[in-house]
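The following questions and answers set computed values against the definitions that give them their names. Please consult the sequence and the structure as you read.

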Amino acid sequence: MAAQNAITLLDGGTGQELIARIGEDPRPLWSAWVMMERPDLVAAVHRDFIAAGAEVITLNTYSVTPRRLQRHSAGERFLELQQAAIEIAHRAREGAAHPVRLAGCLPPLVNSYVPHLAPNAADAAREYAELVAPQAPHVDIILAETMATITEAVAATRAGADSGLPIWTGLTVDDHDGHRLRSGEPLDEALDAVVEAGADALLLNCSRPEAIGAALPTLARHGLPFGAYANGFTAAVDLDYATTVDVLVARTDLGPAAYADHVDGWIAAGATIVGGCCETGPAHIAEIARRLGKPAQI
């Protein structure tokens, strides 16, 4: 098991936390809309995760991809929204009681959990380069997350690596078979591919913690830092063009203590990067921080 001071603590599920705080049904481009209409909420969520002990916060740009914006007739706002997310995150970490790194965000280009809609390799490479360009000068890490296909994971990893910044690649696995991506492709093959593409750390994210726990030892064989951040949904369903996250059901058995129990198991398996994804809030991160003996203000 890694020493507690060697564990990097990520933030939690920013998008879901925003939905909970604003008290409205989610809409397409949710995180983009909030930055336009309620930037104070985005800053507050970042600050609360930092206060909980997060040592890395991620840009609130999960839905700010050219393809998603164009789908909703907002393509011209791409750079504006990327810059807004960067400025909000930088302000949020000012005056933090502990060092906080900022991670850029390379999400699925179409939507979460829809491997059959992922673009081809050439399009994915071009679009991920478009995402990296405005983020790289202002962040410390590039985080590719919720990668459901090998093609998309490799394209995102290469784009991140080309920036010269550390690139951490997060793969999302089948909720019932953690040894396969949501595309059905073997996790082993995906890991080999992203390592060859230049990944500096390997992660599993936005999957049930049980599936992650079963698959996590597979990451250890590459000799890179690895870890995980799970979601709190009962199960994932395809979020296609017409659906939003309100079709997903939150579990009632993953409060802060129960979730931190899973994280304890990941750390025992050698994970050195841990945090939370959808449906994990500041209280979850604070409980992990408490167990790790890390500073937290909540």
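**Values and their definitions**

Q: Why is Arg126 called partly exposed?
A: Arg126 has a relative accessibility of 43%. Buried means under 20% relative accessible area, exposed over 50%, and partly exposed in between (1.4 Å probe, protein chains only). Arg126 therefore counts as partly exposed. This is a predicted model, in which local features need pLDDT of at least 70, side-chain atom pairs count only at pLDDT 80 or more, and totals for chains, interfaces and linings use all residues. Residues are numbered from 1 along each chain as its sequence is written, and side-chain values use heavy atoms, with hydrogens and water left out.

Q: What makes the pair Arg126 and Asp123 a salt bridge?
A: A salt bridge is a side-chain nitrogen of Lys or Arg within 4 Å of a carboxyl oxygen of Asp or Glu. For Arg126 and Asp123 the N to O distance is 3.5 Å, so the pair meets the definition. Asp123 is partly exposed, at a relative accessible area of 28%.

Q: Why are Arg126 and Asp123 separated by about one helical turn?
A: Both belong to helix H6 and are 3 residues apart, which accounts for the separation of about one helical turn. Helices (H or I, at least four residues) and strands (E, at least two) are DSSP runs, numbered from the N terminus.

Q: Which residues are linked with Arg126 and Asp123 in a network of salt bridges?
A: The network also contains Arg67, Glu127 and Glu130. The structure holds 21 salt bridges.

Q: What joins Arg38 and Asp40?
A: Their side chains meet in a salt bridge, with an N to O distance of 3.0 Å. Arg38 counts as partly exposed at 32% relative accessibility, and Asp40 counts as partly exposed at 40%.

Q: Why is helix H2 called largely enclosed by the rest of the structure?
A: Of the 8 residues of H2 (residues 30–37), 6 are buried, so the helix is largely enclosed. The buried residues are Trp30, Ser31, Ala32, Trp33, Val34 and Met35. They pack against helix H1 (14–22), helix H3 (39–52) and helix H5 (78–93), where contact means heavy atoms within 4.5 Å.

Q: Where is Val249, and what does Val249 touch?
A: Val249 lies in the loop between strand S7 (226–230) and helix H11 (256–268). Not counting residues up to four places away in sequence, Val249 touches Gly232, Phe233 and Thr234. At 47% relative accessibility, Val249 counts as partly exposed.

Q: What separates the C-alpha atoms of Val249 and Gly281?
A: The two residues are 32 residues apart along the chain, and their C-alpha atoms are separated by 16 Å.
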